[in-house]
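Here is a friendly tour to read alongside your sequence and model. Take a moment to look it over before starting.

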Amino acid sequence: MQTFFSLAQLADPQLQEADAILRTCVHCGFCTATCPTYVLLGDERDSPRGRIYLIKDMLENGRPASADEVPHLDRCLSCLSCMTTCPSGGHYMHLVDQARAHVEQTYRRPLAERAIRALLAAVLPYPERFRLALRAAGLGRPFAPLLAKVPPLKPLAAMLRLARAPAPKGDPAPQIHPANGPRRARVALLKGCAQPVLAPEIDAAAIRLLTRLGVEVVRVEGEACCGALVHHMGREEAALAFARANVDAWTAELEGEGLDAILVTASGCGTLLKDYGHLLRHDPDYAEKAGRVAALAHDITEFLVALDLQGDADEGPRVGAHTGRKVAYHAACSLQHGQKVKAPPLALLRAAGFSVFEPADSHLCCGSAGTYNLLQSELADALKARKVKSLEALGAEVVATGNIGCMTQIASGTRLPVVHTVELLDWATGGPMPARLPGGARTGEALPRPPVRARPPAG
Ligand code: SF4
Ligand code: SF4
């Protein structure tokens, strides 16, 4: 794509980057076919190519964002399906991130929108505030249908509809979980912000699984939200502050006892962690440290495939007998498109004895996308309905995925239990049945869990 930035504009490293990304686009339009909003709306301005043109025009002319283009940018899920499809390798993520920051700095949203966005940014990244908000939402839920009738208040209605009672606040988890047996690796496991309030059982399963496989797990002090929630709202300074706090925390641990990896069980967070080097590239005090941290960040399934769930001849197999359970696997966009981690979760589930199936249109988003299901609830609901239909058509007993946002979104539209991939892997290797499965731990009436195969007789 031809661009017309002036030399003065190109002296700005941000615009220089935007220029380079824009120039990779050859207008082929392949990305439109895999863009969820274009599939739903059929409007070129709600496609990746259309948005690229809008962003180009806005940045090239150095003008504030306008009410004509902001809704089209807001409707983008940042699902990054377009990046998977693009034959030119265009880095749409960095372009739309820049556009969102530009919108935030130059466009004055209507009062209700500003208030709702400020509320989300002030609550979601902080677990204690989020916990209180969920309790309050329980009281406000009866008003959701009323609020849904007032267009500017639809996000509040969506919040009330999606809100679930927070998990009970447990004892503070120990900071170090030693490996069972000889230590094969030492990793930090990101605590995150919303996930521990909504589903602490995910990290509990991850810790059991990792320690069972000989990995020491550290919960690093001083960690904050990864910053993704505010980053996707264009609040760059807030996102950078979270990133710096995390880089400081992990660098101290790295330079102390050392870390082999920083693992993430919420793929939405993982995508941003892996991008910390880029996010902080213009900060001389953090650029190098952030690059180091980003290189260590992995989705937990990427790390697990290298560990061999099957065990070795000396220890005997770790995986239980084939469970016969049929699993519908939903690939979170942040995992399959943002991190290009597609095969590991499927391989692990199959290695653990599950029969795994993927839905039609598995590349399409479920509509969760951070705060998208709150801020763009109608589109998010349409995407959810489509995703739930294709998952239910598989006739599986359980849906597995690798992101808490997708879990919440899909679970709000189906009766099927929705669990995290690591909960199934933990179960298959000796852990408890996931609480969301019928008969899972919360009911106290556990169905027989997959029997652990006996160690083969010596010789
Ligand atoms: S990130 Fe997703 S919604 Fe946004 S333009 Fe790309 S494919 Fe479309
Ligand atoms: S697929 Fe890539 S090159 Fe083609 S229009 Fe989309 S962004 Fe541009």
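How far apart do the C-alpha centres of domain 1 and domain 2 lie? The answer is 29 Å. This is a predicted model, in which local features need pLDDT of at least 70 and side-chain atom pairs count only at pLDDT 80 or more, while totals for chains, interfaces and linings use all residues. Residues are numbered from 1 along each chain as its sequence is written, and chains are lettered from A and ligands numbered from 1 in the order in which they are written.

**Domains**
- The domain assignment, which is automatic or from a database, gives domain 1 (7-106), domain 2 (111-162), domain 3 (176-304) and domain 4 (319-443).

**The sheet**
- An open, mixed sheet is built from 5 strands in the order S1-S3-S2-S4-S5; strands are DSSP E runs of at least two residues, helices H or I runs of at least four, numbered from the N terminus, and pairing needs at least two DSSP bridges.
- S1 (176-177) and S5 (297-299) are the edge strands, each with a single partner, so one side of each has no neighbour in the sheet.
- S2 (185-189) pairs with S3 (215-218) in the parallel sense over 4 bridges, and Ala185 stands opposite Val215 in S3.

**Helix H11**
- In H11 (154-162), 7 of the 9 residues are buried, so the rest of the structure largely encloses this helix; buried means 20 or more other C-beta atoms within 10 Å of a residue's own, with C-beta atoms placed from the backbone.
- Among these buried residues are Lys154, Pro155 and Met159.
- The buried residues of H11 pack against helices H8, H9, H10, H22 and H23, where contact means backbone-placed C-beta atoms within 7 Å.

How values were computed
A residue is buried if 20 or more other C-beta atoms lie within 10 Å of its own, exposed if 12 or fewer, and partly exposed in between; C-beta atoms are placed from the backbone. Two residues are in contact if their C-beta atoms, placed from the backbone, lie within 7 Å.
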